[in-house]
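Here are a few quick notes to go with the model you sent over. Have it open while you read.

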Amino acid sequence: MKKIVSVQDISCYGQCSLTVALPILSAYGIETAILPSAILSTHTAGFTGFTVHDLTDEMPKIIDHWKREGIKFDAIYTGYIGDGRQFDYVLDMKKSLLKDGGELIVDPAMADNGKLYPGLNEDIVRGMRKISEKASLVLPNLTEAAFLLGEEYKESYTKEDIDRMLRALTEMGPKTAVITGVSFEEGLLGAAAYNRETGESTYSFAERQPQNYHGTGDVFSSVAIAEYLEGKPMSEVLDSACKFVVRAIQETIGDSSHNYGVKFEQVLKK
Ligand code: PXL
């Protein structure tokens, strides 16, 4: 049984970050510890007046306790991190809390549609870059991939662009890079992966859904990371994650009162 720790915020309401990662990873039979980076009343996209309680000061205390207990993980999965001081703690965790061969997996959840999430700044981009360099797997969306690479975000990307960006991301350090939100045909949306060691790249597409939802990146990453840790080939990993996200959107789309996240629980249940 794999044991992982996920470092991201608790958005108390809104179906993203830890409230998505924990149930999905658990449903895959993965023991999932959490290191909450902050507690927010809701996520920051689409709600106004949300509260934030930063937990940076707790992180070294929790990490030190785990070190004293000799607790070790197969993987560290990081997501949204809202304070630049936390990246060094993630690097410390990589050194001291991973089993031999354990992996740092980074979803640099910080931006979408060409823009950083509200409240985030260049510090966060630099920090995400720093931990991505030490990761074995990174899963940015297209905007995050551009920001990690220090490039301008473009409205449209060719397959040559994506192949180049995937290679460039792995040249930063990770063995494998995934980019989500990739589309070369109007009706299809999906993800691409490249493994620097095998030189293999994989694409997976699903039918583009008529509405975008917040939190789908977290759903995608949680499914993809679970199946990656099971040792599945990247083509299957991407197919499963794309299909899961599409089903979660389809569960949600008829309910116009539910616009802040996707009903991924309905997919888990089925
Ligand atoms: O889903 C990414 C995410 C996680 N956590 C918080 C967010 C967002 C995206 O906006 O605001 C607090």
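**Notes on the model**

1. Helix H3 (residues 86-96) packs against helix H4 (residues 122-133) at about 10°, and their axes are 9 Å apart. Axes here are lines fitted to C-alpha atoms over the stretch in contact, with angles from 0 to 180 degrees between N-to-C directions. Helices (H or I, at least four residues) and strands (E, at least two) are DSSP runs numbered from the N terminus. H3 and H4 are therefore roughly parallel (angles under 35 degrees).

2. On the H3 side, the contact (heavy atoms within 4.5 Å) uses Phe 87, Asp 88, Val 90 and Leu 91, while H4 brings Asp 123, Ile 124, Gly 127, Met 128, Lys 130 and Ile 131. That splits into 6 nonpolar, 1 polar and 3 charged residues.

3. A caveat: this is a predicted model, with local features needing pLDDT of at least 70 and side-chain atom pairs 80 or more, though totals for chains, interfaces and linings use all residues. Numbering starts from 1 along each chain as its sequence is written, and side-chain values use heavy atoms, without hydrogens or water.

4. Thr 78 sits in strand E4 (residues 73-78). Thr 78 is buried at 0% relative accessible area (buried means under 20%, 1.4 Å probe, protein chains only). Leaving out residues up to four places away in sequence, Thr 78 touches Val 90 and Ile 131, among others.

5. Now the ligand: residues around it include Asp 9, Tyr 80, His 214 and Asp 218 (a heavy atom within 4 Å). A polar side-chain atom of Asp 9 is 2.7 Å from a ligand nitrogen. For Asp 218, a side-chain N or O atom lies 2.6 Å from a ligand oxygen.

Methods
Buried means under 20% relative accessible area, exposed over 50%, partly exposed in between (1.4 Å probe, protein chains only). Angles under 35 degrees count as roughly parallel, over 145 as roughly antiparallel, 65 to 115 as roughly perpendicular and the rest as oblique. Ala, Val, Leu, Ile, Met, Phe, Trp, Tyr, Cys and Pro count as nonpolar, Asp, Glu, Lys and Arg as charged, and the others, Gly among them, as polar. A polar contact is a pair of N or O atoms within 3.5 Å; within protein, one must be able to donate a hydrogen and the other to accept it, and residues adjacent in sequence count only if both atoms are side-chain atoms.
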